[in-house]
Amino acid sequence: MANLLIKNGSVYCYKNKINGESLDILISDGKIAKVGKNLNYECEVIDASGMFVFPGLIDMHVHLREPGFENKETIETGTKAAAKGGITTIVAMANTNPPISLPEVYIDVVERIKKKSVVNVLQSATITKNMEGKEITEMGLFKELGCITFSDDGKPVYDARIMQKALVYARNFDVLILEHPEDVSLSSGGVINEGVKSLELGVQGIPNSSESTAVARDVLLAKESESRLHLQHISTKESVELIRWAKSMGINVTCEVTPHHLVLTEDDILGHLDTNKKMNPPLRTEEDRESLIEALKDGIVDVIATDHAPHTKFEKSLTLQEAPFGTIGLETALPIVFTKLVKEGILDFMELIKVFSFNPSKILGLSQKGHISEGADADIVVFDPGKKYVIDEEFFVSKGKNSCFLGFEVYGIVKYTVVGGKVVYTVS
Amino acid sequence: MKHLIGIKDLSISEISSILELGEIYREKLLKDKSSISKDLNGKVVLSLFFEPSTRTRISFEIAASLLGATVVNFSENVSSVQKGESRLDTLKTIEAMNVDVAVIRSSISGLPYLLARDLDRIRIVNAGDGAHEHPSQALLDALTMKIKFGDLKKVRLAIVGDILFSRVARSNILLMNKFGNSVMIYGPTTLVPKEIQKIGNVKIAKNFDEVIEYANVIMLLRIQTERQNSSFVPSTREYKKFWGITEDKLRSCSKEILIMHPGPVNRDVEVASDMVYSDKSLILDQVTSGVAVRMSILYHLFNSTPNS
């Protein structure tokens with residue numbers, strides 16, 4: 001029985017090579033029942049004339065902060081923020097309190113997600129117990145409970161031997177290791193990118209090498225162990241070149257880049273109080289930014305992910321040196337990438353859908369997501385590309401207001417977000 | 001001038017005005033302290049030191065006292081994020097006590113900007129924030145050189161030592177650059193990042209001979225012992241041999257080269273012991289200028305131009 005019809009939208013689907021064609025989409029029982037022209041059914045109808053309609057975005061890197069840091073974000077507010085941003089599936093990081101290192105904790109969190117979440121949440125577990133970097137977690141037991149990704153994000157797996165074991169062990173259950181590549185012996189104490197800006201502000205820097213040396217280590221470990229590896233939030237040109245080499249060698253590695261690393265550089269940091277632009281990895285140089293865009297276009301970078309990292313207003317009301325790392329990103333990723341890359345002619349909208357929906361679905365093995373096909377999950381976004389507005393604190397439904405894009409004028413707003421056939425967000 | 005946070009934020013005319021009045025105060029300080037008018041009578045100046053300091057703190061306290069202000073001091077080691085909230089409470093409390101000026105020193109770069117933002121009434125004077133700026137030091141150095149050379153344009157300054165972590169170097173570079181002067185930099189490569197050339201008109205010397213050839217003043221910076229522990233330099237004896245200044249190194253040079261040091265000096269590391277108070281040293285001149293410049297700074301917080 002049909003329950004939702006999205007009519008007259010310009011539909012985009014990378015997998016089926018639908019590039020803005022005006023089509024109707026009929027949704028039934030949470031699935032896409034039919035895609036075609038002039039569909040008419042007795043059911044709820046969304047008129048998507050003048051709108052872009054595409055598969056829901058899949059964000060492989062989100063901090064929901066629950067349990068333990070509910071002052072920063074909760075499953076409810078974080079997933080509502082995702083829905084508002086056109087993101088229908090998120091991979092939630094495991095650096096909560098307690099960290100998700102035991103299947104018992106995972107079960108509890110998944111219960112909360114069932115009750116509170118408005119989008120699909122794939123909850124990660126940690127790679128090592130309590131993120132201590134000493135012993136790997138029970139990946140088999142986690143997999144039986146439905147957990148398919150493992151990450152110590154927030155920190156790297158420092159010990160190379162442990163990382164190697166994690167990669168090899170993950171093969172038993174075909175689960176995916178998401179690694180935050182960072183050599184903390186190089187980055188420790190650092191605040192922003194090591195370079196002109198850190199010198200000017202007199203704060204300790206985080207050199208490019210703290211990421212790239214870790215990327216080199218990790219791709220070599222993936223090669224030797226013949227394992228899959230996903231590298232998180234790549235920010236330097238050297239990392240790009242190492243991943244380019246790794247892919248040319250046939251190493252099974254994928255990676256992501258954040259909207260802020262694609263759009264901003266250290267030059268955008270306005271001073272010691274501009275703490276929303278303090279994140280880890282830090283904003284790098286223009287040369288790095290250009291390298292990331294090129295890598296995104298030529299497929300070396302597979303995925304855009306937000307690294308949505310909410311913090312309280314007070315925590316960010318300190319100096320750069322003191323404030324915690326992180327920017328929120330769920331609600332701004334689509335309009336920012338659309339405005340700064342698509343409208344500027346740097347990225348096709350089809351490419352955006354590929355790296356923000358189709359590629360993540362492939363990496364995560366979600367065959368029913370990331371495309372508009374009959375039988376696929378009805379996770380769909382209706383987006384008004386013409387709407388122009390300024391991002392301010394009131395814009396956000398996330399508990400965190402710490403956006404590095406505050407004050408930016410953008411185009412494009414999500415009108416409807418549909419998850420499993422249900423409208424979970426409508427613009428007010 | 002509402003606050004003094006960085007040389008970066010000052011105009012050339014503000015700097016010139018501070019130096020001019022500083023020179024007058026210096027005369028009075030040396031000749032007749034009773035001739036100093038109590039222009040800060042009725043003001044409360046708080047010295048708020050979150051990091052240990054002797055000379056800067058005493059210098060500011062003497063300066064404020066000579067101008068007739070009531071001086072109180074408060075020190076506490078508050079620097080961690082967890083203490084950020086209690087720090088704000090402390091400052092709000094102090095503000096409610098109607099303090100007029102807070103002279104602040106801390107290890108946190110940019111903290112004075114935060115206080116200027118979060119406090120409504122108190123005027124902030126930065127007495128050193130992390131590795132960012134130390135504007136009163138640069139101003140007292142400028143006054144010392146101006147008096148010695150008659151005109152800052154005649155100064156060819158080389159700064160030798162730990163540039164990476166030095167707020168003194170940053171503020172001095174900014175100040176000299178504002179007056180059109182280039183600054184030569186020299187030190188161990190671990191402490192002299194090449195990007196320094198992008199933040200100002202700076203030339204990095206390749207060896208000491210270049211420094212001696214260029215400079216008529218060499219400003220030596222204190223090498224912190226913790227730099228040795230974290231492998232920026234392997235030992236003080238190695239530092240002394242390659243970057244320390246001795247009579248021997250200056251002997252080959254025909255012109256006069258003066259030396260400066262913000263203090264406290266590591267004797268026989270940055271500077272040979274017998275040079276600290278020699279006729280080539282401006283180190284004690286700097287200290288005297290320090291009180292005078294700080295008087296001028298405090299004066300300028302409440303008066304845009306000095307009384308004639």
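The model described here is predicted. Chain B and chain A bury about 1,700 Å² between them, and 39 salt bridges occur over all chains of the structure.

**The interface of chain B and chain A**

- The size of an interface is often given as the accessible area lost when the parts come together.
- Of the roughly 1,700 Å² that chain B and chain A bury between them, 66% is on carbon and sulfur atoms.
- Chain B brings 24 residues to the contact, and chain A brings 15 residues.
- One salt bridge is counted between chain B and chain A. B:Arg87 forms a salt bridge with A:Glu322, and the closest N and O atoms of this pair are 2.5 Å apart.
- Six residue pairs are in polar contact across the interface of chain B and chain A.
- On the side of chain B that touches chain A, at least two residues come from each of α3 (84-96), α4 (111-118) and α7 (196-199) of chain B. Helix α4(B) gives the most to that side, with five residues.

**Salt bridges within the chains**

- A:Arg244 and A:Glu241 meet through their side chains in a salt bridge of 3.2 Å, N to O. About one helical turn separates A:Arg244 and A:Glu241, because they are three residues apart in helix α8 of chain A.
- A:Arg244 is partly exposed at 25% relative accessibility, and A:Glu241 is partly exposed with a relative accessible area of 44%.
- A:Glu351 and A:Lys297 form a salt bridge, with 3.3 Å between the closest N and O atoms. A:Glu351 lies in helix α13 (residues 349-364) of chain A and A:Lys297 in helix α10 (residues 286-297) of chain A, so this pair ties together parts that are 54 residues apart in sequence.
- A:Lys297 has a relative accessible area of 40%, so it is partly exposed.
- In chain B, the side chains of B:Glu195 and B:Lys194 meet in a salt bridge of 3.6 Å, N to O. B:Glu195 is partly exposed, with a relative accessible area of 21%, whereas B:Lys194 is exposed, with a relative accessible area of 60%.
- A network of salt bridges links A:Lys31, A:Lys369, A:Asp377 and A:Asp379.

**Buried parts of chain A**

- Helix α1 (residues 75-84) of chain A is largely enclosed by the rest of the structure, because eight of its ten residues are buried.
- The buried residues of α1(A) include A:Ile75, A:Thr77, A:Ala81 and A:Lys84.
- Packed against the buried residues of α1(A) are β7 (87-92), α2 (103-116), β8 (120-123), β17 (409-419) and β18 (422-426) of chain A.
- A:Glu179 belongs to strand β10 (residues 176-179) of chain A. With a relative accessible area of 0%, A:Glu179 is buried.
- The side chains of A:Glu179 and A:Arg217 are joined by a polar contact of 3.3 Å.
- Beyond its neighbours within four places in sequence, A:Glu179 is in contact with several residues, among them A:Ile127, A:Pro156, A:Met163, A:Asp218, A:Leu229 and A:His230.

**A nonpolar surface patch**

- A:Leu220, A:Trp245 and A:Met249 form a nonpolar patch on the surface, and their accessible area together is about 290 Å².
- A:Met249 sits in the loop between α8 (237-248) and β14 (253-257) of chain A. A:Met249 counts as partly exposed, at 44% relative accessibility.

**Backbone features of chain A**

- Most residues other than glycine have a negative phi, and most peptide bonds are trans.
- The peptide bond from A:Glu66 to A:Pro67 is cis, with omega near 5 degrees.
- A:Asn97 and A:Pro98 are also joined by a cis peptide bond, with omega about 0 degrees. A:Pro98 lies in the loop between β7 and α2 of chain A.
- A:Asn8 has a positive phi, near 65 degrees. A:Asn8 is in strand β1 (residues 2-13) of chain A and counts as partly exposed at 33% relative accessibility.
- A:Asn38 has a positive phi, near 50 degrees. A:Asn38 is found in the loop between β3 (31-36) and β4 (44-47) of chain A and is exposed, with a relative accessible area of 63%.

Terms used. Residues are numbered from 1 along each chain as its sequence is written. Chains are lettered from A and ligands numbered from 1 in the order in which they are written. This is a predicted model: local features need pLDDT of at least 70, side-chain atom pairs count only at pLDDT 80 or more; totals for chains, interfaces and linings use all residues. Side-chain values use heavy atoms; hydrogens and water are left out. Patches are made of residues with over 30% relative accessible area and no salt bridge: like charges are joined within 9 Å, nonpolar side chains (Val, Leu, Ile, Met, Phe, Trp, Tyr) within 5 Å. Accessible areas come from the Shrake-Rupley method with a 1.4 Å probe; for residues, only the protein chains shown count as cover. A salt bridge is a side-chain nitrogen of Lys or Arg within 4 Å of a carboxyl oxygen of Asp or Glu. Helices (H or I, at least four residues) and strands (E, at least two) are DSSP runs, numbered from the N terminus. Buried means under 20% relative accessible area, exposed over 50%, partly exposed in between (1.4 Å probe, protein chains only). Contact means heavy atoms within 4.5 Å. Buried area is the accessible area (1.4 Å probe) that two parts lose on being put together, summed over both. A polar contact is a pair of N or O atoms within 3.5 Å; within protein, one must be able to donate a hydrogen and the other to accept it, and residues adjacent in sequence count only if both atoms are side-chain atoms.
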